[in-house]
Amino acid sequence: MPELPEVELTRRKLLPLISGERITAFHSAWPRNIIGASRIAMARELPGRAIRSVERRGKVLLVDLSGAPARQFAVHLCMSGRLAVEPAGSVRSPWARAWWTLGNGTELRFIDPRKFGRIWYGDPARLLAHAYLSSLGPDARTIGREAFIRRVAGRRAGIKALLLRQDTIAGIGNILADESLWRARIHPRAIAASLSAKTLGRLHRALLATIAASLRAGGSSLRDWAGPDGARGGFREHHRVYGRAGSHCPRCRCVLKRMIVAGRGTTACSRCQRNR
DNA sequence: ATAGTAGCCTGGCGGC
DNA sequence: TGCCGCCAGGCTACTA
Ligand SMILES: [Zn+2]
């Protein structure tokens, strides 16, 4: 499941493979996931433009293109998406939803079995004005302790619901949320306003540590996600709670429980993560 | 401001 | 063995 670490790893591996390369063709096999333009406009406007940069905002990759008028595209991998760079003549995955043929004989392919991923395209300013992109909060990987506390302190929502909202902090998904809350010993349903600054500081620290550990391990590959080169991540082996309901808590040996919080499957330890 | 739910989509799973 | 129905998951749109 691509969250911040998987998207960041995708960006890092993508950079040397595609930056500076010229697009020679674009195709979409699932135009419904394109926002802001038609696939016809994309196929007409993209050829001839070079890839200038690949940035990340939360879980979104933002690609800046050369040429006039200015154009960018953005990709959200959602749950099952990944970006692959493969030889242009090779057989495409049956789940390839869009592909950019590049001048160096390779092809950037958006592979997304569940079709939940999205592609935004258009003028840079208009692109960032789209509801999702314009509302993104500060990035989870770089947010400072004070800014983190300011974003959540005093709010009456449950802490996990707040963490998952991309307008609170950008980049957190179900894995990072459950793992960070476990590390910080906070119940997923705890009301944010009931948590002290010290406790929120612990959560901030836990979040950054979880992100760093996931990056180091190459991200979490559950079913579909892999890097542009096909390499899968090993962070799943390091999960303390996510996907481990029924197993023992690594800290207190209690049985981890599964529940629904903010509409998402959630695993937590009822002894370490008390809701007071 | 916050919570809840339906819908999107399909591979994989459990049940039979 | 094969078929069927259900579910997960991030996000949007909607209601309360
Ligand atoms: Zn525990």
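The model is predicted, so local features need pLDDT of at least 70 and side-chain atom pairs count only at pLDDT 80 or more, while totals for chains, interfaces and linings use all residues. Residues are numbered from 1 along each chain as written, chains are lettered from A and ligands numbered from 1 in written order, and side-chain values use heavy atoms, without hydrogens and water.

Next, select R264. An N or O atom of the R264 side chain is 2.8 Å from a phosphate oxygen of DNA strand C. At N174, a backbone N or O atom lies 3.2 Å from a phosphate oxygen of DNA strand C.

Now show every residue near the strand, that is, with a heavy atom within 4 Å of it. There are 14, and the closest are H76, M79, Y132, Y242 and R264. Which part of DNA strand C do the atoms within 4 Å of the protein belong to? Sugar or phosphate accounts for 72% of them, and bases for the rest.

Move to the zinc ion. Its donors (N, O and S atoms within 2.8 Å of the metal) are the SG atoms of C249, C252, C269 and C272, at 2.2 to 2.4 Å. Along the chain, these donors follow the spacing C-x2-C-x16-C-x2-C.

Methods
Polar contact = N/O pair within 3.5 Å; in protein donor to acceptor, adjacent residues only side chain to side chain. Donors = N, O, S within 2.8 Å, 3.2 Å for Na, K, Ca; no water.
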